[in-house]
Structures are given as structure tokens and as C-alpha cells.
Amino acid sequence: MNDMRLTEKVVTETAKITARGVQVHYGTNHALKDVDVDILDKTVTAFIGPSGCGKSTFLRCLNRMNDTVASARVTGRIEMDGQDIYDPRVDPVQLRAKVGMVFQKPNPFPKSIYDNVAYGPKIHGLARGKAELDEIVETSLKKAALWNEVKDRLAAPGTGLSGGQQQRLCIARAVATSPEVLLMDEPCSALDPIATAQVEELIDELRAQFSVVIVTHSMQQAARVSQRTAFFHLGHLVEYGETGHIFTNPTDPRTEAYITGRIG
Amino acid sequence: MTQSHILSAFDRDLESIQALVMRMGGLVEAAILDAAEALETRDEEMAQRVRAGDKAIDALEEQINAECARVIAIRAPAASDLRTILTVMKIAANLERCGDYAKNLAKRSMVLSQMAALPGSTGSIRRMAKQVTLLLKDALDAYIARDARMAEDVRQRDQDVDQMYNALFRELLTHMMEDPRNITPAMHLHFIAKNIERVGDHATGIAEQVIYLVTGQLPGEARPKIDSTTAGGQGA
Amino acid sequence: MTQAPAKSLLVPDARTRARNASERRFRLMGMAAVAIGLVALVVLLVSVLGNGLSSFRQTYVTIPITLDAAVLDKSGNRNPDEMKKVTTLGYGKLMQTALIAALAEKGVDTGDLKPKEIMGMMSKEAPADLREAVLSDPSLVGQTITFPAFATSRIDGYFKGRVTMESAARDANINPEQLALADRMAAAGLIETRLNWGFLTRPDASELRPEAAGLGVAILGSAYMMIVVLVLSLPIGVAASIYLEELAPKNRWTDLIEINIANLAAVPSIVFGILALALFINIAGLPQSAPIVGGLVLTLMTLPTIIIATRASLKAVPPSIRDAALGVGASKMQTIFHHVLPLAMPGILTGTILGLARALGESAPLLLIGMVAFVRDYPSAPPEGLFDPASALPVQVYSWTQRADPAFVERASGAIIVLLVFLLAMNALAIILRRRFERRW
């Protein structure tokens, strides 16, 4: 096989999150069927697939956001650094500080830019005193490549920023709790191409610090930003592998059909 | 991939590029056969037509490249579609080279028609030309049918062309040793034979592209090479 | 059927014309509907304002009165407790003397009218007012003060055009000569019609003294009830809404509760009155006519409204905000209190104020708990005052319209104006709060 070289490289990297036999039911709807996946540390992993394929569902399993849906039932085992995140002793609130999330639509709180970023550290008690909080806000905004644009108006409402800035503010907000994994649910679907490019550039930079998992409908975006791609279809994880391989020579005919635009 | 795209314009684009490749293949096959016939029948007019016809082939290659660039730009092809486009561009380049060889053949046939004929050799060349055009045709058919096995077959049959070339090489060598006056036509004929052998190699190249297109992998180095002329054992 | 397309875009085809015509018809009908509504509103306002505005003005007989110490304070030590022995009758005599003297001094011809008839032009409330003024300030005794005393409602009506010479001829309470004298007194400057703050501050008065009746007790009673309603229904309503909307599992029980709350909002208010009578007065033993009971029943009535409004505004908070908070690691409670509730606040406040406004205008349940009683004494300050008998604005309107004297029609309309002003003010407050708290997200 020609991609031996690639798989070899992958094996040397450590898995941040290991999922084994994950199943999700929404009431009687079997949304996710027996998903096994290793999310690597300091890597961008893209989940692609047609609408309703289970990719967002799986993403929301990784920080237990599905807990907030009354009818959702998650079985199987998801481990982060070897710890089962669905262990009854795990408090999802604590987990979500470690696994940040950025959503499809930029959703800053209707508060000031500063308060948006400071909120997470505040409720988790990450800062002792105002000076430390200021520093967290500044570094987070810098990490999100937004500092230079907003440093003079931190008291301005976050909702007054442009769409792309809002999304970067949301990224800064997620980064502020110093997470280890960053989940992104179609973070660019509401942005224009320039803002999208900025966010993509940002994702590439963030990769140095955490593992990033991104759900996207844009296959081109998955190809551009990710190192690993997982293709979901009808609740199954059809194929998971090195992004370059998936986009030039996928193994499964369903993957092939999807990425060449033959099934929706 | 038998399933069609959701976006039917994409299918139409790919089909029209495929049609261009087929037309180009047809022109190249005809050019090689015509040139070989012009050589045998010393038909200068036909040779001239073949030389002129190369322009059309070159234009087709350019058109195919432009179309491929357009499809890449606007359709962002992936996986098999991406491989199709890459393959088409390489096939077009291969065919363009074949067209050049046909043109060269025609040019040399015009020179040869002014000289005394070497007995038998032009017939061998025509048989050889026939054989490589067949290879070319099969390679293109394999492309159309996305048939890796047929492509592999073409790769194997290239050996026959190599053997024909080796035989012709020895024959021309004999002519030259017999009479130094034969050297000029024999040299021309040798170049012609070599060019036709190169067309066979391009057909093999096309076949290999077809294998890549279908399987996603280029075939390994198991390609048979029976060019004994470079083996150094023939006193050349 | 497909029609041939019109040849020119400049000429509308039959279909387009028909469509445009129907559009015009609909627009006209809409305008007509709005016009009917506006006319009704204008008629209402004109009638209420026309009848009621005059109640804010009152006719006074202003005369100098010498407060004779020998009559009012025989012991001479200005002790209000001792001075209380002098009854209203004593002050009436004093007033009558002063009135006759004033007429004589100004040279107003009193004609054949006997002193008692002349004194009959003054309100029966006037001596009582004078007595009260003196008792509250004993130092007045011995001085001569200029005292504006209410004229009777007939004289007042005469100056406001409600009473004429013809109606006076048929009236046992007044005769045309008294009206003629009133004209002469007005000319001499002894009678004038001016602004009457007493209408807003004075308590209700008896059937015979409409000129003295005011809304003071009713306004206080209504205010007390609104305080009770606000203090009880806002926290209870918001807490219930948050539980139902954010925390409660969605099952058959919560569905049932939801339906019941919706139905409760539509229950006729008189039913709440019966409930309150049984529950608060008969079982809990709370006093009748008390603002606390009125407040409780109005709270029951307002709760469904507030809960429905609050739930609607909680629902209107975009789920993306909840996701954002949860995604950052906020707990459910933090999400609700830091993000959802502040965003829902304008809606909650609007709903609450509109609920209060409805409660303010409600009369039926208050009738059942006895708030329609005739109450002359102001309730004391809260919280004790909540248990004192009081009236309420809408009930005051109701009870005034029940009275025989036509002067009360004017009073009732005046009370309606006050009620409308309060309602408008509350609605305006709702709008201001909504504007202030409204944020874009």
C-alpha cells in the first residue's frame, strides 16, 4: 500500500480522545451507530458527511452537550487521556471547561467583548484578581487573532462586531478556559470567504496547542484545515484517515461518492 | 464511477473533455498509420497532410488543458474526479508526443522517398505502426471503460512492439554493414522505428494512468522491458 | 387555463387588474375597520372626558370667617381634645353668621331667602371641613380666616351647566332664587369655580354630599393592592416559569400543568372573587374590604398572565445563547441567571406590568370580597394598612355610578379618567422598560 508511510506517522502520534462503540439514540431514532475513533493530540480532525449523518451528534458527545437533550442516550465508551468522560463521577461542567466548543452561528453573549472572554475564567475561578483576568482576556484574544482589532474597545458590546470577528470572539471565549480540545460545529457556515479564511488560519495556528475537532459541510474546508478526516454516513463512521488520502483516493465507495458530489 | 453527479453540469464537463481526448486519440492513430503508409507508398502528398495535421492535435491538447484547468477552478474535483482530470491531462500530453512522432515520421518519409528503398524494412515499420496504434486504441478504450485489467494487458503487449523494434534494429544494422550507401536511409528508418517504439511507450504510459485512475495507485516497477538494443550484447 | 401573455408590459392584463382591484378592496376594508375602531375610541374618550373633566374643578364659596374663641374654645387653653366637644353644628352656625355678614358687607341682595336657605347653598361638608381645619391648627381660634367652603353640588352643577333654573324649580334641594343669589355672589367674587385637588385626596363622601367625594382612599387601596400583587406575583411567576421552561422534565404532568395555567388565564375574574371569599375570608379569616385580600385575589388572577408572558420571553431567548454558556462550562443555573433571565427581562417586565394593569382595572372579584363598602377612613401605612378597609379605583367607579345624585355621574367619569391615566402610565412604563432593556443579539 502506498500510504504505509502516512499510517506510520500517525501511529507515533498520541490519541487524545478514544471512542469505542459509541451509540447515540434520540428517543427511537438511532442517530449514531457503533463509532470507533481516535482523535489525535495537536491535530485538526474534520468530520464530514451529509446532513443528519451523525457528525454533529458525535461532536456533541465529546463534551457531553447531548446531556442537555432529554431524549438523548449515549452508550459506548469515550475516553479523554484514558479517563471515561461518561463516568458518573465526571461533572459535565468541569469537562466542558477542558473541551471548549464553538458553534455554527457566532453566538457572543450580549455583553461587552471583555465580559464575553472573561466569563469562562470567572465561573471556573481561573483568575485570582482583576490583573490576572485582564491577562487571560488579552492572551485569549491574541490567540484568536482578534486582539489588535478590539483592544481599544473591550467595553463595546460583542454583538456589535462583524460576523467573522464575532466568531473569533467566540473562539477566544472558548480558548479562555484553556481547554485541551476545541470542538467546532460548522464554525464558518455563517461567514463570508474572507472571514472564513481568517478563522481557518486561526484553526491552523491553534493546532499547536490543542487538538481541534471541526464539523464542516464544506469538503474544501475539511481538506484545507484538517490533517485527519472522518466521513460519517447514516450514523456510521464510514471512513477515517489521513485527509490527503481521503480526498484523493478514498477507500470506501460511499466516501468516494460523497466527496465527488454524487450523494447528498 | 457509474453514478452521476448531483450537479449534472459537472458530468457534462467531464464528458466533453473525454470526447476531446477520444478525438485526439483518433487523430493520433490516423496520423501514425497514414505516415507509415506514406512511407511505404512514397506518397509525399499524404506525408505532407500528416505533417499539417499535427497542428490540429496540438490545438486539441491545448484545448483539453484549458478545459481541465477550468474544471479544477470551478468544480474543485476530488477523489476519482480529481484523478480523472489529472489522468486526462497526462493522456493529452502523451498523445501530443505521439502526434509529434507521427509528424517526424512523415518528415523522414519525405526524405526517404528521394532515396533508394531498402527492401522489406518499410513493411516491418508499417506492421509496427499498426501494432502501436492498436496499443494506443486499447489504452484509450481501457480509459473509457475504466478497465484496469485491459490497461495492464496493454502494458504487457508493449513487449511485442519492443521485440519488433529489436528485430528491425538488427535488420537495419545488417543493411548498413552490407553497403555503406545504405547508412543514410537506414539511419532514417531506425529513427522512425525508434519513434514508433516510443509511441508504444506512451501507450503504456496512458495504460498506467488508467490503472492509477481506477485503483488510485500507480503500478509498481514490474513493467516488462525488452529493449535488448541497449543491453550492449549486439555489437552496436 | 393558461392565458396568452400580455403583449405589452405597459398595459396590465385582466388578471393583473383583477388582482390589483382585490388588493385595493382589501386595503379599503382594513382602513374602514381601523376607522371604526378609532371612532369608538374617540366617542369613549369624548364622553368620559366631557363628563369627567369637570370633576377636577369645584365651586367654592369663599368668605371670611371669624373663629370666635368663646364659641369654639370655651376653656380657652386651645386643647384639641376639649375643642372636639364643639360639634359640626356649632361650626355650621358660625359659618352661617359669617356668610350672612359677608353678603351684607358686599351688598349682595339676598332677596326673600331665609338665612337657612342661604346656608343651604353651602355643602353640608363645609362646617365639618372647617372644624377639621381648626382642630388640626388650634392657633386659628380667635382669628378671622378666609375659608373656601364647598358649595352644594346643585350650585356646583349650576356653574357647570348641569343644573338650570327649570330643573331647580322641580328640585327639592334647591330653588331658583338660590341660583339667582349664587349668580350675584359670583359677581361679587364670593363664589368661584377652581381646581379641586380634593378629588384626588379626599375620601368618599355620603350620597348627599357628592361635592366632597374624592378618590383618596380608592387610590391608596389600589396602590396597596398593586404592591401586594407585584411583591407576590413577580417572584412566584418568574420562579414557576423558570422551573417549567428550563428545569422541569417534559412529560404528561408538566403538559397538564401547562394546559391548566393557560386555562387559568381565561377563567372569569368573578370566579377568582368567589375563591378568594371562600379561601381568604371564610377559611383564613382575613378581614373583608382589606387590600391584602384584594391583592391576593388579584395575584391569583395575574399569575397565569405573568407565567405565560415569562415563559414566552424565556422561550424567545435564542438557544444559541444557552449553548454558548453551557459550552463554556456554565452550569444550568449559571446559564439561566447569567444569560437567559437578563435577556428575557424586558419581556418579563412587560408581561408583569400588563398583568398589573389588568389587575388594576379589575372590579368583579373585589366586589365579592367587600371592597365596595363605603370607606371614609384612610388605611394606615403598610404593612398594617394592608389589613385596613379600603376601596379601589374601579370599585369606586362602580359604587358612584350606583348613586342617585346626578353629580356622581361626573365623579364616576372623573374616576375613570384617573384610572385611565394610571393604566396609560403603566403601559408607558412597560414600553420604556422594554426599550431600555432591549438588546440585540
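Modeller: One definition is needed before we start: two strands count as paired if DSSP finds at least two bridges between them. Note also that this is a predicted model.

Biologist: In what order do the 4 strands of the open sheet in chain A lie?

Modeller: The pairing in this open sheet of chain A is antiparallel. Read across the sheet, the order of the 4 strands is S2-S1-S4-S5.

Biologist: Which strands of chain A stand at the edges, and why is one side of each left without a neighbour in the sheet?

Modeller: An edge strand here has a single partner strand, so one side of it has no neighbour in the sheet. The strands of chain A in that position are S2 (29–40) and S5 (83–84).

Biologist: How many bridges join S1 to S2 in chain A, and which residue is the bridge partner of A:Val24?

Modeller: S1 (residues 15–26) and S2 of chain A run antiparallel and are joined by 8 bridges. They form a hairpin with 2 residues between them, and A:Gly27 in the turn has a positive phi of about 60 degrees. A:His25 stands opposite A:His30 in S2(A). For A:Val24, the bridge partner in S2(A) is A:Leu32.

Biologist: On S4(A), which residue is the bridge partner of A:Thr18?

Modeller: S1(A) and S4(A) also run antiparallel, with 8 bridges joining them. In S4(A), the partner of A:Thr18 is A:Glu79.

Biologist: At about what angle to S1(A) does helix H2 of chain A run?

Modeller: H2 (residues 55–62) lies across S1, S2 and S4 (72–80) of chain A. Relative to S1(A), its direction is at about 120 degrees.

Biologist: What feature does UniProt place at residues 17–259 of chain A?

Modeller: Over residues 17–259, chain A is 38% helix and 27% strand, and the end C-alpha atoms are 26 Å apart. The UniProt entry is unreviewed, and the feature it places there is "domain: ABC transporter".

Biologist: Of the 2 pairs of chains that touch, which has the most contacts?

Modeller: No contact joins chain B and chain C, whose closest C-alpha atoms lie 31 Å apart. Chain A touches chain B, with 14 residues from chain A and 14 residues from chain B in contact. The pair with the most contacts is chains A and C.

Biologist: Which element of chain A gives the largest share of the side that touches chain C?

Modeller: The contact takes 21 residues from chain A and 18 residues from chain C. On the chain A side, H3 (92–98), S6 (99–102), H4 (113–124) and H7 (163–175) each supply at least two residues. That side divides into 11 nonpolar, 7 polar and 3 charged residues. The largest share is 4 residues, from H4(A).

Biologist: And which element of chain A gives the most to the side that touches chain B?

Modeller: Among the 14 residues of chain A in contact with chain B, two or more come from each of H9 (219–225), H10 (243–248) and H11 (253–259). By class, this side has 5 nonpolar, 7 polar and 2 charged residues. With 3 residues, the element that gives the most is H11(A).

Technical notes. Residues numbered from 1 in each chain as written. Chains lettered and ligands numbered in written order. Predicted model: local features only at pLDDT ≥ 70, side-chain atom pairs only at ≥ 80, totals over all residues. Contact = placed C-beta atoms within 7 Å. Nonpolar A, V, L, I, M, F, W, Y, C, P; charged D, E, K, R; others polar. Axes fitted to C-alpha atoms, helices over the stretch in contact; angles between N-to-C directions. UniProt positions renumbered as here; feature names shortened; annotations may be inferred.
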